[in-house]
Amino acid sequence: MLQLNYRLTDEDYIEFNEFHQLIHSEVGKRNLFKLRLIGPMISIVIFILARAEIMLIVTEVIVLCIFSIVCVTQAKKIMKRGIRKTILKMKETEGLPFAGETTLNFTEDQIIEITKGYEVKVDYKKVEDVCETEEAFYVYMSSVQAIIIPKRVLDQDKEKKLRQVLSKK
């Protein structure tokens, strides 16, 4: 049995949402793709509508190409900034949907999550996905719900044991 005790921070929750919306979620991937297309599409429309002298069109093509490149390369940063802003606003108005202090017990057949006033038992069969990033492990119980386990709370031994437990299930 492996037991972990830790406290989630706002930054842990923000990193999870960035990972979920930009990498794990199909909807998030689709939105990022659309955001990357907006700049080039606007450029094409403006180029087609601009029936001007050749020098103006050439200048416009250069400016719009630069604009399109910036849109494509900065789309991920724009989405990350939006995610962070939304979460911080949510924190101010209604609070974030995670408990501060968390205890996780990994038994033979289930994960037991103990937080202030709650105890949730999840059979390993109900785990849909396990993802690992540089910053954390995310154990998905559904497409929108996951247990966040920050790596900053794990020493090398616990990280290795956790990886073994999650890979077997």
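**Close-ups of a predicted model**

**View 1. Strands β5 and β6 side by side.** Strand β5 and strand β6 (residues 136-140) run antiparallel and are joined by four bridges. Strands here are DSSP runs (E, at least two residues) and helices are too (H or I, at least four residues), numbered from the N terminus. V130 has V139 in β6 as its bridge partner. This is a predicted model, where local features need pLDDT of at least 70, side-chain atom pairs count only at pLDDT 80 or more, and totals for chains, interfaces and linings use all residues. Residues are numbered from 1 along each chain as its sequence is written, and side-chain values use heavy atoms, with hydrogens and water left out.

**View 2. The three-strand sheet.** Here's an open sheet in the order β5-β6-β7, with antiparallel pairing (two strands pair if DSSP finds at least two bridges between them). β5 (129-132) and β7 (146-150) each have a single partner strand, so one side of each lacks a neighbour in the sheet. On average, neighbouring strands are turned by 15° against each other, direction ignored.

**View 3. Helix α4 on the sheet.** Helix α4 (residues 156-168) packs on the sheet and touches β5, β6 and β7; contact means heavy atoms within 4.5 Å. The direction of α4 makes about 25° with that of β6 (axes are lines fitted to C-alpha atoms, for helices over the stretch in contact, and angles run from 0 to 180 degrees between N-to-C directions).

**View 4. Stepping back to the protein.** You'll find four helices and seven strands, running β-α-α-α-β-β-β-β-β-β-α from the N terminus on.
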